[in-house]
Amino acid sequence: MAGLGKRLTVLRCLTFATGLVECLCFAGAVFGWASLVFILKTDGYFSSLCVNTTTVNTTQVLDCSGQDEQLSLVFTIASFMNNFLTLPNGFLFDRFALSNLLFPALSFLAVGGILFLMTNMQVGNLFGSHRSTIITLYNGAFDSSSALFLVIKLLHEAGISLRSSFLFLSACSFIHLLRTFFLLPRVHIPYTLPDHYTYGLSSEQTTAKANTQMTEETPFTKELVKQEKSFRECVMSRFFVWHLLWLSVMQLRHYLFIGTLNPMLQRLTAGEPSLVSQYTNAFAITQLCGVLCAPWNGLIMDRHKGKPRAAGESEQEADLRASGLSLFLTALQCLLFSVCASTPYLPLQYLTFILQVLNRSFLYGGNAAFISVAFPSCHFGKLYGLVMALSAVFSLLQYACFAVVNGPLDGDPLYVNIALTLLSLLAFIHPLSVFLHCRSLASQRAINASSLSRSNENHT
């Protein structure tokens, strides 16, 4: 038995470590768009949309706003599909030489990445009291993987073609296949974890026995099923609605920032290529810190684990109470990030980059962790997919915002940034709702305890 326990520990650690590498190196690469778009412009993608225009002093300048708009549309569609679709993983990297193939290529990259993340988040179920920390860590690795395009950008500057880099990434799919067969179970990892749970090629009988034990109906398990909310009740709940709003407004802010970073830097640097490259590299490097920032959010949510709860307080209520602080800090970070991003001062953008990666790592890690604690685990996949899909529909507003900036606002995003900053204030509704809910439950417990105490006194 001791040998089995040691083998399980090694297996779980390998699953965790390889999943972290998978998320860190591949899953969120699409969000390194700022580095990739620099290469795409250098290589002339959609350059036919650039036109010569005459300024008021009769000088000829090259207007590439049409190119920027088309590239922004590529990212808009890719980020939408990143959340909305769950198609099989596939890549078109070997046909990346045509501009229009950017649309399916980036979209498939985004879809494949989110599938990596969704598959690996269940690994947190293997680690019990550290579950939220593991979930947020994987989301942080997802954020940090956007630095992959920085590596590709540096390789491109060293003379390695974009095609070669993407063909190498395609070949790495073999690694994912090996991990799938040897280090992941055939079905989802349950929570809570049954005793002696194992998985892998050599554990089919043990896993089958564990699955039989989990699915065996007893009066107790039947009662638990009756008490759990249905999927429809979860979707119609106040928590789900405010959580969707919380995610949607902040995600829109991030998507618009990433999708328009290159035009913003072009404007703030007066088109100086070396400065644009410098700030693009700085942004990409800060993305590497996502994997370092995200676990702090998990630690905030897991800080109560192992500590005695208040009398009558359920584990879910304790988890909800702990999540309130995480939700509030995430909304506050987004507000500060949006204010900095709205300020047209170039050196301040270094602080903007730091706040952006900190907030994005808290946002996605907190999103998954909150759904895992606020709703029945049997609905996690459906609710996570639904909230990401609905927030993706909301994120399509980024293209409308970009069109407004390029059209009526003549390239100045100040008013759109102010509007998005005000919109981000709506994110504070969610943590307030959770706080009021937990306070209401605590008050009800106190009333019940007082009533019980008076009843006992009367009997004596």
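Helices (H or I, at least four residues) and strands (E, at least two) are DSSP runs, numbered from the N terminus. The model is predicted, so local features need pLDDT of at least 70 and side-chain atom pairs count only at pLDDT 80 or more, while totals for chains, interfaces and linings use all residues. Residues are numbered from 1 along each chain as its sequence is written, and side-chain values use heavy atoms, with hydrogens and water left out.

**The whole chain**

Select the protein chain. Its secondary structure comes to 21 helices and two strands. Of its 460 residues, 49% count as buried; buried means under 20% relative accessible area, exposed over 50%, and partly exposed in between (1.4 Å probe, protein chains only). The accessible surface of the chain comes to about 21500 Å², and 66% of this surface belongs to carbon and sulfur atoms. Such areas come from the Shrake-Rupley method with a 1.4 Å probe; for residues, only the protein chains shown count as cover. Contact means heavy atoms within 4.5 Å. Among the contacts in the chain with a separation of 6 or more, 80% are between residues 24 or more positions apart.

Select Ala270, in the loop between helix 13 and helix 14 (273-287). Is Ala270 buried or exposed? Ala270 counts as exposed because its relative accessibility is 74%. Its phi is near 60 degrees, a positive value in a residue other than glycine. Most residues other than glycine have a negative phi.

**The second largest pocket**

Next, turn to empty space. Rolling a probe the size of a water molecule over the atoms shows where empty space is left. On a 1 Å grid over the protein atoms alone, a cavity is a set of points where a 1.4 Å probe fits but cannot get out, and a pocket is an open set with protein on both sides within 12 Å along at least five of seven lines; lining residues have an atom within 4 Å of a point. Grid points are joined across faces, edges and corners, and a volume is the space filled by probe spheres set on the points.

Select Asp68, Pro263, Arg267, Asn406 and Gly411, which lie nearest the centre of the second largest pocket among its 28 lining residues. The volume of this pocket is about 620 Å³. Which element gives the largest share of its lining? Helix 13 does, with five residues. Other elements that each supply at least two residues include strand 2 (60-63), helix 3 (65-84) and helix 12 (238-259). By class, the lining has 14 nonpolar, eight polar and six charged residues. Here Ala, Val, Leu, Ile, Met, Phe, Trp, Tyr, Cys and Pro count as nonpolar, Asp, Glu, Lys and Arg as charged, and the others, Gly among them, as polar.

**The second largest cavity**

A search of the whole structure finds four cavities of 30 Å³ or more. The second largest cavity has a volume of about 50 Å³. To locate it, select lining residues including Met264, Arg267, Ala341, Pro344, Asp412 and Asn417. Helix 13, helix 16 and helix 20 each supply at least two residues of this lining, and helix 13 has the largest share, three residues. The classes here are six nonpolar, four polar and two charged residues.

Select Ser338, in helix 16 (residues 315-342). Ser338 counts as buried because its relative accessibility is 0%. Leaving aside neighbours within four places in sequence, Ser338 is in contact with Arg253, Asn417, Leu420 and Thr421. The side chains of Ser338 and Thr421 make a polar contact (2.7 Å). A polar contact is a pair of N or O atoms within 3.5 Å; within protein, one must be able to donate a hydrogen and the other to accept it, and residues adjacent in sequence count only if both atoms are side-chain atoms.

Move to Ser391, in helix 18 (residues 380-395). Ser391 is buried, with a relative accessible area of 0%. Its side chain reaches the backbone oxygen of Met388 at 2.9 Å.

**Pairs to select last**

Leu154 counts as partly exposed, at 42% relative accessibility.

Finally, select Leu432, in helix 21 (residues 429-459). Leu432 is partly exposed, at 48% relative accessibility. Leu432 and Leu327 are 105 residues apart in sequence and 9.0 Å apart in space, C-alpha to C-alpha.
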